[in-house]
Structure formats: structure tokens, C-alpha cells
Amino acid sequence: MPVAAAAPLISSVQKLVLYETRARYFLVGSNPAETKYRVLKIDRTEPKDLVIIDDKHVYTQQEVRELLGRLDLGNRTKMVQKGSSGLSRAVSAFGIVGVFGICSKPYEKYVWNAKLLEAVRTSVHRDWLLYIIHGFCGQSKLLIYGRPIYVTLIARRSSKFAGTRFLKRGANCEGDVANEVETEQILYDASVMSFSAGSYSSYVQVRGSVPLYWSQDISTMMPKPPITLDQADPYAHVAALHFDQMLQRFGSPIIILNLVKEREKRKHERILSEELVAAVTYLNQFLPPEHAIIYIPWDMAKYTKSKLCNVLDRLNVIAESVVKKTGFFVNRPDSYCSILRPDEKWNELGGCVVSTGRLQTGVLRTNCVDCLDRTNTAQFMVGKCALAYQLYSLGLIDKPNLQFDTDAVRLFEELYEDHGDTLSLQYGGSQLVHRVKTYRKIAPWTQHSKDIMQTLSRYYSNAFSDADRQDSINLFLGVFKPAEGKPHLWELPTDFYLHHKNTLNLPQTRPSYTYWWTTGVLKHLPLPFDEVTCAENRRKLTVKKFHKYEEEIDIHNEFFRPYELSSFDETFCLAMTNSTRDFMPKNVGIDPSPFTVRKPDETGKSVLGNKNNREETVLQRKTAASAPPPPSEEAVSSSSEDDSGTDKEDEGAVSQRSTPVKVTDTGDNTKITENVVQSTKDVYGVNLSDIPSEDDLAIYARFVQLGQSQHKQEKGSQQFCSKHPLDKVINLIPISSFSQDNIYEVQPPRADWKSIEIFHAHIQAGRGNMQPLGRDDFLMYREYIRNRYM
């Protein structure tokens, strides 16, 4: 049986200090507790080769101090100036950019410094290898009646065929596409501290350029350069390579949501739609029908201009169907409440159900032309739908459904806005031009001027600064390697051949036109091939340590230190957005639930403590009764333009696949009644116009019966106290036989005789039997009057 050496969960080198002399760099790294140190020596006199010496010895704090002292003394004697320091401290840090765990092959495409580490991978200890990812990471706290839920959004950009907008379009010869980003949303129940015993869930979706050989010529300085298909690909070779990677990585089904235009006066985006449909149709004829690629075309720009279609409503329908097909990951079996009160949508959920929870099988791949504005809105709607299922799976909501204008959705929308802005800056050179509020048609007028500025900023970046950014990316990723006798990077007329290796080295073997997937992929579907093979290999290995004294770090124990008295919120290193602090209105009587739909005039700013604000709030409540209700989620339509510009093509008739605006059947009287009694609901928490259900009436009748029985018992207890004991009226049997207090049973406390006398006197006073007041009572009353009024 093969033997594998186990590596720690994270690197033990977390604190770094760089010292320098004239000829050497000395990098000293230590663990967070500063009990173990490692030293790395780098030669700074070698002009070409990288010379790094790692003695792979673990030093103590005292040994490191002695070593640095000897280095300082030895280099000081060689210098001309007396009294100068021979070893100077240059910089200190807690890490370099970020720390990955162990780099496994399926995730290697998301590591951006892999080429830079190749020179030192075999010569230094693994603790020095810090893997960098590029993308976005955001986290917010969702408080559900005090129960903390952490919502995390992580975006990982692919390092293959990476670059900027217009300079990197389509795919390369290996099936890697431009602007490929894997977005994962993680839900963690922070009420349980342990990661192993806690509850968490995740959902993954992907964006990326259309997997074809295509580009846009930017030499004409046009806002929308023409789209050109660079190579003929009748057998969809590049698309086959791309979808083969996705089948290995995610399993099936692979769902494509194509948001590019389909109807145009002049062919522009439609070129990509027609070619992608042909490629998917060709590839699907060789796959089993149950694992075929699902293609969903939807001209989002066309329906945005139409007044008869609700864009977000249609996206919500698509999101429901997608999440039901792929499922999501959760680390615990279904809750008992889901089994007791099953939801019809929950029973239709796909994915893979295992004994430990659920697994996501397959993934949604969303794209428009740029994979920026339209794509981010579509991904938000799919993520919002998946978030509802995730909350339902953890037993936090009673139905897998979330509405707009709630604190939870506002918090989640802000995360996706930051996510889209960051990815848009990295690829397009500006923030998002059109946002979720734009498609909901609730964006303020000031947003339109910002959109114009973002469009101009994006155009400036694409025209003037993207070339230098592309050169920097090619150099950092190791796509271009400087060498003597070869032209410099900025002297190259194009970097096409750097990303398309088949232009220099012709492939030795010709791929199959029909058997286009990797061997063994179909055998394990719908599960992903990479995860299944990794699991099989782990079962065949015997894991041992590198050394019996090797340090193994648990990130939870190392960072949060559970053996010390500390607060989870204070320990967290990020100032996260909080649903209660940043989104929930501060008005009195507001329901603190993050799933309650808020009024448009309710904001997160407090209106208490200011007389003018209070009067303004009362005035708003009065005018709200006569004003029409705010438009619902289904009744809001968007009329903004898409991220690719504004084409003045005819709007045309909306197809049957569009979702029209839903019109309510209720009259105005019902709406006025709801608005009138709204204040009553705000004060008392119940609508007086609601008719009680049969279950509520049955509970009330039972309560009245118990009260009448108690009244009869109290009346007859004076004469027949021993014949009618109270236990026969209401016989409460404890559900537990534990003798001490616990969550199932609480023993009544023992009261002294004075407390019992006071209690009996209180009962008699309630019945009208007042006891005569004594001297102590009069003295106590006089003291009270003196302190209160004098």
C-alpha cells in the first residue's frame, strides 16, 4: 500500500520578518505563538540565478536571537564605518497576500503564483510556499433574532488565459476561457463554535467567456468593436475541451445560461449565440441524454427594454429550475422540521443525497459578451434562490423562499454588488455599469450619472491602459519568460502565440471527434470525476507524518484559542456588515426578523431622539394610508440598457417564454383596508381584520375550558378541598425523570416562610381580603412618600 506524507492544514510560518545585509537577505518566519522559527537565506549578489538556502532547521526564540546577533556582529566588523549596524530590519508582515492550504491538482488553475514558486518548490521547506488566489472575498453577518449566521462570498479567477477585456476573449487552444470565475457562497451557523460540529452549506456557480475562437479588433477605437470568429471549428474542439474540464470539475448537469442578444438589426452578439448553439448541439449527440449539456438562451437586453416582461421575475424562474437540478452542499442530514413539514419544492431538489448531508452535482455557467453586468445580476438571482434553500436546510426559515426589500436580501445584494464591482475592475477596468437596482427600476437618478462615468472609465481603460496591464499579467503568470537574444515583452506585436501553444508546437495526436471527454468521466456522473478519484486515492493511502516532531496546526484552535476566554466577534479580524446594525430600521415596534419585507421609507438610520424626525415619521405614516402600495416583486420591470451598449433595434413582440407582469385581482378597497390597519399591526403585532383559523379557535376554546375548570375548582375548594384536587383538572406530567435542573425539567426553587407569607397575602389581596396594616407598613409608606415627592 502506498504511503503519503501528511501536510498540516495551514503553514506554520505565519509571522515574517525580513533582515538584510549588503550581500544577503534573511527571512525569519515563526508560528503565531512564536515558539518555533525558521530561517531562509537569499543571495542578493547573484544577478541572474535565484540562490536560496534553507537549512530546514526549527529554531527556538533564544536560538534565533543568538543567530541574528552573530550575523549583526559579523557583518558590522567588515564595514568601514564604525558603530553602524551590520544587520538591519527591513519589513515585517503576517503573511504574503494570502495563505492557501495544500494545492491539489483540480484547483491548480486558480493559483496565480504557481510559476513563481517552481524555482523554490523543491529547495525550501513547504511552510514557505504561500499560494495566491485572485478574485474577491466578502463576508457579512446575518442576525436571526440574535442567532449569528455568516454569509461568505468567494470568487476565484482562473489563471489560465487570463487578461483584460477586449484583449482576452473566447478560449485558447486548451479550452481555458477568458474571465473564468468560480463563485462560491458559504452559509455558516456561527452559534456553534466548532467547525466539525457546526452546520454550514455552500453553492457554486461559474462565469466565463463564450468558449469559441473569437475576438474583437480594438484598433478602430469604437465603443463596440465588431466580433470576429478567428478560426473555423466545425467539430467544436475548443468547446469540447472546455466542457470536458467542467464535467471533471463539477459533474453533471452542466447548465449554460446564455444572456447575449439574439435579435439584432446588425449581426453582432448573435454571431456568438449561433455558433454556441451549434457547438452544444454537436457535443450533446454523443453524451447520454441524462447527462447532456442544458442550454438556456435568454436575450436579457431585449426583455429589459420591453414593458411587458419582468426581467428579475423571469430570472427567478430560471434560478428555481437551475438550483433544483444541481442541488447544493450541506454538511448535515435534512432537519426534522423539513421531514415533519416537507415543502413541495424541497422534494423536487436535485443533487446527491448522502448519509452526512447533500452534495451539489453539476454547475450553472452564466455568460453574456463581457460576463460583467448582466452576468452579475443573473448570478445574484441564482444565488438568492440558492440562499433560500440553504437557510431552509439549516432550519432557519420555514419555506425556501426569500423576498426583496428584506434585510437578508439587502445584505446579500450588497455582497454581490461588491463582488461584481471587484471582478469588473479586474477585467473591464471600471465598476459595474448596471446593477440589480437598475433592472428593478428603483435606482435613483444620481445612479444614471454614475453609470455614464463608469462607462467612460471602462472605455478609457480598454483603450489606453489595458495593454500595459496585459503585459504585467503575462509576466507575473509566467506566460512570457524573458531570455537573452529574444525581444522584450513590450516589443512583441501580439501575445497570441503565448496563449495558443498549438501555434508553436503542433499536437502529436489528433483528438477524437466523438469521444471528446476524458476517459472515466461518464463512469462516475453525476458526481465529478476529480472528487471521486481523489476520494479513491485517499482510501488507498496510508497517511504518516513527515517527522514525529512535525507541527500540525488546527486553524480553529490556533486563531480563536478556545482555551482562552474570548469573544468570537472581537476575535474576528474583519469588520463585517451586520444585518441588524446596517440594514434593520431602528424604529420602535419594528420586527427584528431579517426576512420581513420593509417599507420603502424604512431605512437603517435611527429616527429616535429627534423631534423633527419623529414628526416626519408620523406624517409619512399618515400619508402612507392614502398612497398606493409599493410595487411588488412581480410587478417591477426594468427598462435599463445592458452592459454592451444600446442598440436601437425594434422591441418587437415578446415571445411566449417571457413572464408578463402579474395583475392582482383584489380591488382598491382591500388595499385601503390593509393600509389602514397597518398601524394596528405595527403596535400590537396582529391584524385585527384577520379571521382566526380553526386551529386558533380550538386552542382558544381549550384555554377557556381550562379557565372555567380552574374557577370552579377555586370556588369549590373552600368546602371540598380534599375531594377535588387541582391535579385532576390539569395533570402535567414531566417528560423527563432527571432529578436535577436541565433543558427538559426544572425543579421549583425552595422559598422561605416570609416569601410564602407575602405570596399568600398577595393572593388574598387579589380576592379582596385585605389584611390590616401594621406599624412597619406605615413607616415604609412614609419613607416612600418622602423620597418620591419631598
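Colleague: Which residue of β3 is the bridge partner of V17?

Modeller: Two strands pair if DSSP finds at least two bridges between them, and strands are DSSP runs of E with at least two residues, helices runs of H or I with at least four, both numbered from the N terminus. Here V17 has V28 in β3 as its bridge partner. Their strands, β2 (residues 15-20) and β3 (residues 24-30), pair in the antiparallel sense over 6 bridges. Before we go on: this is a predicted model, where local features need pLDDT of at least 70 and side-chain atom pairs count only at pLDDT 80 or more, while totals for chains, interfaces and linings use all residues. Residues are numbered from 1 along each chain as its sequence is written, and side-chain values use heavy atoms, with hydrogens and water left out.

Colleague: What is the strand order in the open sheet of 5 strands?

Modeller: The order is β5-β4-β3-β2-β6, with antiparallel pairing. β5 (52-54) and β6 (88-93) are at the edges with a single partner strand each, so one side of each has no neighbour in the sheet. From one strand to the next, the twist averages 20 degrees; for such angles, axes are lines fitted to C-alpha atoms (for helices over the stretch in contact), and values run from 0 to 180 degrees between N-to-C directions.

Colleague: Is strand β10 largely enclosed or left open by the rest of the structure?

Modeller: Buried means under 20% relative accessible area, exposed over 50%, and partly exposed in between, using a 1.4 Å probe and protein chains only. In β10 (residues 200-207), 7 of the 8 residues are buried, so the strand is largely enclosed by the rest of the structure.

Colleague: Which strands does β10 pair with, then?

Modeller: Strand β9 (residues 181-189) pairs with β10 in the antiparallel sense over 8 bridges, with L187 opposite S201. Strand β15 (residues 329-330) is also antiparallel to β10, joined by 2 bridges, and there S202 faces F329. Strand β18 (residues 363-367) runs parallel to β10, again with 2 bridges; R207 has T366 as its bridge partner.

Colleague: Now a helix residue: is T377 buried or exposed?

Modeller: T377 lies in helix α9 (residues 373-393) and counts as buried at 1% relative accessibility. Contact means heavy atoms within 4.5 Å. Leaving aside neighbours within four places in sequence, T377 is in contact with M300, L312, L315, H434, R435, V436 and Y439.
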